[in-house]
Number of protein chains: 2
Amino acid sequence: MGDTEAERAQKVRIGQDRFRVAVMDYWNRTCPFTGVVEPQLLRASHIIPWADCESDQERLNVHNGLLLSSLWDAAFDSGLVTFDDLGNAIASPSLGKSARLALALEKAPPLQLVDEQRSRLAWHRSEIWVAD
Amino acid sequence: MGDTEAERAQKVRIGQDRFRVAVMDYWNRTCPFTGVVEPQLLRASHIIPWADCESDQERLNVHNGLLLSSLWDAAFDSGLVTFDDLGNAIASPSLGKSARLALALEKAPPLQLVDEQRSRLAWHRSEIWVAD
């Protein structure tokens with residue numbers, strides 16, 4: 001293996017493929033912000049991250065998922081963007097101008113949400129979103 | 001661990017953090033296409049993917065890296081975009097209109113390349129780029 005690989009016992013996540021398929025179907029295989037449809041560019045994001053979910057069901061619950069382009073996923077996952085109850089994107093004050101442009105944040109249409117997503121997004125706003 | 005986690009022996013990659021630091025420094029901590037500077041949104045992409053590198057040195061060689069926003073990384077990694085010898089982005093014919101807009105592909109400035117990168121990009125064009 002050389003010096004850049006080793007074998008170690010690691011935790012692996014089971015069911016992620018199933019979660020992705022369910023989230024892809026729920027969101028019509030399209031990122032709601034960019035219209036991107038290429039599966040290679042789409043990520044099934046967890047609203048409440050996998051590691052913070054309290055149960056297996058929660059980890060695989062389609063209402064805990066959003067289908068985002070890879071850039072929106074990175075921004076959402078790191079708390080540089082979140083969403084309010086109306087589905088409007090809220091940027092962290094720390095998100096710079098170039099990133100806002102790359103996300104086309106000003107043009108982002110509101111997400112169509114149901115209450116099962118709103119409650120989880122409330123958690124995301126309080127626990128993940130970078131407020132300063 | 002519940003039913004969604006298990007422990008397995010897995011290959012781990014050693015030196016990826018060092019590679020990322022070197023690539024971040026080389027490219028001035030900025031994605032050359034989007035101007036994105038948030039580390040959370042930046043990926044140190046391999047031109048020749050880790051798994052295809054023939055040596056440890058090659059895996060960690062800064063000239064085998066590009067610093068890309070997460071969306072450009074996903075597109076480059078999957079071969080939906082590549083670059084010619086002049087550093088101009090070339091889209092796969094299979095890349096859709098929304099993805100081209102999300103990447104702002106038409107506005108992408110040419111990459112400033114050196115020969116150590118050009119030879120690896122030639123490999124990327126022939127082995128990874130999706131030509132149809």
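I began with a tally over all chains, and the structure holds twelve salt bridges. I kept in mind throughout that this is a predicted model.

Next I asked myself which residue R59(B) forms a salt bridge with. The partner is E5(A), and the closest N and O atoms are 3.8 Å apart. That value falls inside the cut-off of 4 Å, so the pair counts. I traced where the two ends sit: R59(B) is in helix α2 (residues 56-60) of chain B, E5(A) is in strand β1 of chain A, and the pair crosses between chains.

**The contact between A and B**

How many salt bridges did I find between chain A and chain B? The count is two. For polar contacts between these chains, I noted eleven residue pairs, both residues being at pLDDT 80 or more.

I then looked up which elements of chain A supply at least two residues each to the side that touches chain B: they are β1 (5-13), α2 (56-60), α3 (70-77) and α4 (97-103). β1(A) gives the most, with nine residues. Sorted by class, that side of chain A has 16 nonpolar, twelve polar and ten charged residues.

Taking both sides, I wrote down 38 residues from chain A and 38 residues from chain B in the contact. Together the two chains bury about 3400 Å², and 58% of this is on carbon and sulfur atoms.

**Strand to strand**

In which sense do β1(A) and strand β1 (residues 5-13) of chain B pair? I found them antiparallel, over nine bridges. I picked out one bridge to follow by eye: R13(A) has E5(B) as its bridge partner in β1(B).

**A look at the record**

Last, I checked the annotation. UniProt, in an unreviewed entry, places the feature "domain: HNH nuclease" at residues 31-84 of chain A. I looked at that span in the model too: its end C-alpha atoms lie 18 Å apart, and the span is 24% helix and 24% strand.

Technical notes: Residues are numbered from 1 along each chain as its sequence is written. Chains are lettered from A and ligands numbered from 1 in the order in which they are written. This is a predicted model: local features need pLDDT of at least 70, side-chain atom pairs count only at pLDDT 80 or more; totals for chains, interfaces and linings use all residues. Side-chain values use heavy atoms; hydrogens and water are left out. Contact means heavy atoms within 4.5 Å. Buried area is the accessible area (1.4 Å probe) that two parts lose on being put together, summed over both. A salt bridge is a side-chain nitrogen of Lys or Arg within 4 Å of a carboxyl oxygen of Asp or Glu. A polar contact is a pair of N or O atoms within 3.5 Å; within protein, one must be able to donate a hydrogen and the other to accept it, and residues adjacent in sequence count only if both atoms are side-chain atoms. Helices (H or I, at least four residues) and strands (E, at least two) are DSSP runs, numbered from the N terminus. Ala, Val, Leu, Ile, Met, Phe, Trp, Tyr, Cys and Pro count as nonpolar, Asp, Glu, Lys and Arg as charged, and the others, Gly among them, as polar. Two strands pair if DSSP finds at least two bridges between them. UniProt positions are given in the numbering used here, feature names are shortened, and annotations may be inferred rather than shown by experiment.
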